[in-house]
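I set out to record what I looked up in this structure. My entries follow in the order in which I made them.

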Amino acid sequence: MDADLSGIILDNFIGAVTSTCLYEQPQQQQQQQPDPTDDAARTATLHPFAIVCVLREMFACAELKSEMQSRFPEIFCMLLSTLASYITLLPPYSVLAQPNAAGNVTIPKGGSRRSAKANGAPSGSGKEAAAAKLSPCQIVLDAFQTFLDTLGMQQISLVLAVCPDLAASTDLNSFIEILTPLGVATASEVGINSALMRQLVTTMSRYVSSPYDTQRIASTGFYAHLVPLQPYGETASVIMLSLESSLNDPNPLVRGLSIRGLAYVCSLTRHDIDKYATMCLTSLLKGIEDYNERCFINIPLDSMRGLSRVLQAIEPAKFEPFQVSSAIRIRPFFEKSSTELRESAILLFGDLCGLKLKQLPAGEAGQHDGADVSESLVEQLRANLCSLLLHLCEQNSMIARACKITLKNVCALLGTAKMNALAQNHLLEHGQLQCAVFLKDFVKLIGEELQEWINDFIDACLPLLRSQWPEIRGNAAILIGLLHCQNANVKCQHMEQIGHKISLLLKDECTSVRVSASEALGYIYGEM
């Protein structure tokens, strides 16, 4: 076998597949505006599909091993991006429609041409049955595994082998799921900071700006799952800069994968953490507001979890410019119906308070007077305190736990000695809490230490009277009543309006809310 000629053929094949659109729209939609999300309606383009079929046979030749090794980065990246592109694709139209097209494509050994001539079928049925066996995704998957097996890279090949449903996937979710074990196996085989890995990530960067969504998804997803494996130097630089460039991608899945990768910046060396921390903080904050219901990556959720992870490792001063803006962005998520979003938002607020605490000089017993906290951050503490108190009383244990953790940091940051002592002593992460008793005791201390804020707290509770959760509606009414009892600066007209809003809860569909509203009105118009 002529090694030079084989190498030239491989180079030409790689160039053809990487420079050609791998799919086309249905014939009946070609005159219409195509739907970019309608992957199931697309078919594989014949020329690159035929090349992949041929490559599968070439990769099985042990004589070509040295040629494949010398082109490992190019072939690996081509196959990975093609695998992502071929999920949900149908065989080429010409295979189904043209008289002899099936004979022009190398059919894997499992798909015999003989069925095309079965029963003397003159034009269609037998050939379509044979073509139906030409699953584009399965063929590129077979080619990928054959390539890896010939090179002896069994760890990577095993990842592809243990995902039998990948070829039958109806979306890219299965592909995204294999990227974590694929990244681990690739790093194990070639070394995360080896020269070969540097070549691999550099080659993959060509696909980051591809005009085709699936190729950008493949490259960004692969990068994102390499970050936790602690790359450094040039490898880390290529990965992080490529992930940053993907943040403005029009495809939400690409943006979501970029966010996932940047969220693991703290897995890098200390030098790289300091180098990329500001970039990652900016990106993750931007991701909080990037919600797309059609994307199966929840970008706001991944962004908030990523920020909490980053805050555990960066220097507090680096987050200083982002404190207030992040608090403002996460506040709306306290009232979202998704438990995961609410929990992540509440924990993130606690984390940013905890990071600020690290900057403050501690007095006796770890106390401080709160004078070093900026007014803008204090305003966020004031706006969120009552919401946290109310969600503390939720039946959902995950939310209650998150509120305990966060309230302890909030109270420590406020510099209110008695409130802080009560929070630290009673808000045990996995302990039982008598919410009604704690709420009354806590509000009494608010009357002692934050008297001037009581009217602001009452105003902050008003929107929660319309909460989607009955326990929040009822407890919001009670909290307003308790705050009123401690208020030395009662505005009579204002409280009349508030009393009217609470009285509307007497008609609430939930019995417990009606009972709580009655109790709250007793606090407002009677005595505590």
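**Confidence and contacts**

I began with residues 28-40, where pLDDT stays under 50. For this stretch the model, which is a predicted one, has twelve contacts beyond four places in sequence. I then turned to residues 100-125, where pLDDT also stays under 50; here I noted 34 contacts beyond four places in sequence. Where pLDDT is low, the predicted coordinates should not be read in detail.

For the chain as a whole, I recorded a mean pLDDT of 86, with 86% of the residues at 70 or more. Which helix has the highest confidence? I found that helix α10 (residues 195-204) does, at a mean of 97, whereas confidence is lowest in helix α6 (residues 125-132), at 50.

**A single residue**

I next looked up Asn409, which lies in helix α20 (residues 397-414). Beyond its neighbours within four places in sequence, Asn409 contacts Gly350, Cys353, Gly354 and Leu357. I also checked Asn409 against Ala423: they stand 14 residues apart in sequence, and their C-alpha atoms are 9.1 Å apart in space.

**A pair of helices**

Last, I examined how helix α22 (residues 435-449) packs with helix α24 (residues 470-486). Their axes are 9 Å apart and meet at an angle of about 35°, and the crossing is right-handed. On the α22 side I listed Leu439, Lys440, Val443, Lys444, Ile446 and Gly447; α24 contributes Leu479, Leu482, Leu483 and Gln486. Sorted by kind, the residues of this contact are six nonpolar, two polar and two charged.

How values were computed:
Residues numbered from 1 in each chain as written. Predicted model: local features only at pLDDT ≥ 70, side-chain atom pairs only at ≥ 80, totals over all residues. Heavy atoms only, no water. pLDDT = per-residue confidence, 0-100. Helix = DSSP H or I, 4+ residues; strand = E, 2+ residues; numbered from the N terminus. Contact = heavy atoms within 4.5 Å. Axes fitted to C-alpha atoms, helices over the stretch in contact; angles between N-to-C directions. Left-handed = near helix turned anticlockwise from the far one by under 90°. Nonpolar A, V, L, I, M, F, W, Y, C, P; charged D, E, K, R; others polar.
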